[in-house]
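Work through the exercises below with the model open. Try each task before you read its solution.

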Amino acid sequence: MFYVYGIVDAPRFDAKLRGHQGAEVMPITCGDIAAAVSALGHEIAPEPRAVWRHEQVLQSLMRRHAVLPLRFGTLAGDRETLRRVIARLQPVLSRDFDRLRGNVEFAVRVKDIGEMSRPACDDEDKGPFAPGTGYLRAKAALLRARGAREAAARSVEHELRRHLDPHAVETAWEIVQGGDVALTASYLVGRDDIAPFFDALDQVRRRHPQLHVSCTGPWAPYSFVASNATEAWQ
Amino acid sequence: MSLSLERDRNVAIADLLDRALNKGVVLCGEATISLAGVDLVYVGLKVLVASYETACRIRSASPMMAPLPDQGGP
């Protein structure tokens with residue numbers, strides 16, 4: 001049984017890497033590309049430590065090669081099975097390599113848009129009301145609050161994108177319902193544009209000190225591979 | 001590879017789990033996706049379940065796929 005970390009745009013790689021359970025990471029070649037795998041003696045637990053190991057192997061490979069990260073927890077029974085699966089996905093993998101080569105992913109989170117998302121309060125909402133009326137008014141207030149939060153989140157997204165998008169190859173934004181995180185984003189950034197991207201992020205933080213904008217990375221480009229699309233199998 | 005602007009390790013773990021468990025290339029076909037032991041992932045439970053559902057959707061779209069192993073979670 002092999003654990004598969006990612007697909008590398010070279011038939012082999014020289015890096016001496018240790019993966020899960022201390023096993024050596026090795027290539028299984030499929031034409032001009034290779035899967036980075038290690039032998040698995042027993043099942044791995046999906047714990048954060050194991051996920052870090054998965055990412056560390058990818059980061060090491062990314063120092064010398066373009067790498068498409070596989071979803072954590074992918075196993076292959078044997079070499080030939082893995083080669084067949086990769087061969088079937090080869091066209092979409094090639095397109096991913098062309099699109100993602102030289103780029104890395106950053107994760108952005110935005111918290112604390114609280115004041116911006118507070119809806120205007122109407123004096124008529126203060127009651128008391130009959131039980132049914134109270135329920136309907138409370139429901140309406142909840143919908144107004146959600147709408148206000150979403151509008152505020154869109155406004156913050158627009159402002160951040162104005163600064164950050166010029167330094168990105170691709171972006172993916174998502175509004176988060178509930179919780180203290182209001183927005184998450186993935187940014188695909190060229191290695192040469194990392195410094196300008198960070199400068200733009202600092203500029204946003206200086207302009208909007210009330211917002212908590214976190215950024216982690218660089219990560220392997222998990223959010224931008226197309227090879228996880230169902231269409232690849234149709 | 002140490003250019004992260006974020007010093008909060010918990011945020012970094014959450015960002016990594018969001019990606020590694022729910023995104024990335026999915027090799028289905030005759031390979032197996034292992035998602036056992038869901039209850040061992042602490043902040044990743046929600047995304048791991050989402051990942052499992054995504055894998056099921058992709059599997060159902062392919063005639064050559066074997067059944068997923070028992071999820072083994074709560």
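**Exercise 1. The fold of chain B**

Task: How many helices and strands does chain B have, and in what order do the elements run?

Solution. Step 1: count the elements. Chain B has 2 helices and 1 strand. Helices (H or I, at least four residues) and strands (E, at least two) are DSSP runs, numbered from the N terminus. Step 2: read from the N terminus. The order in chain B is α-β-α. Step 3: look at burial. Chain B has 74 residues, and 35% of them count as buried. A residue is buried if 20 or more other C-beta atoms lie within 10 Å of its own, exposed if 12 or fewer, and partly exposed in between; C-beta atoms are placed from the backbone. Step 4: look at contacts. Of the contacts in chain B with a separation of 6 or more, 69% come from residues 24 or more positions apart. Two residues are in contact if their C-beta atoms, placed from the backbone, lie within 7 Å.

A note on conventions: this is a predicted model, in which local features need pLDDT of at least 70, side-chain atom pairs count only at pLDDT 80 or more, and totals for chains, interfaces and linings use all residues. Residues are numbered from 1 along each chain as its sequence is written, while chains are lettered from A and ligands numbered from 1 in the order in which they are written.

**Exercise 2. Helix α3 of chain A**

Task: What is the reach of helix α3 of chain A, and which of its residues are buried?

Solution. Step 1: check the span. α3(A) covers residues 131-164, 34 residues in number. From first C-alpha to last, α3(A) reaches 49 Å, close to the 50 Å expected at 1.5 Å a residue. The expected span is 1.5 Å times one less than the number of residues. Step 2: pick out the buried positions. In α3(A) they are R149(A), A152(A), A153(A), V156(A), L160(A) and L164(A). Step 3: find the cover. It includes β6 (103-111), β7 (170-175), β8 (181-190) and α4 (194-207) of chain A. Step 4: compare with two other positions. E159(A) sits in α3(A). It is partly exposed, with 15 other C-beta atoms within 10 Å. A138(A) also lies in α3(A). It counts as partly exposed, with 13 C-beta neighbours inside 10 Å.

**Exercise 3. I28(A) and H20(A)**

Task: Is I28(A) buried or exposed? Where is H20(A)?

Solution. Step 2: count neighbours. I28(A) has 21 C-beta neighbours inside 10 Å, so I28(A) counts as buried. Step 3: name contacts. Beyond four places in sequence, I28(A) touches A34(A), A35(A), V37(A), R79(A), L82(A) and R83(A). Step 4: turn to H20(A). It is found in the loop between β1 and β2 of chain A. H20(A) has 18 C-beta neighbours inside 10 Å, so H20(A) counts as partly exposed. Step 5: follow one contact. A50(A) is among the residues that H20(A) touches. H20(A) and A50(A) are 30 residues apart in sequence and 7.1 Å apart in space, C-alpha to C-alpha.
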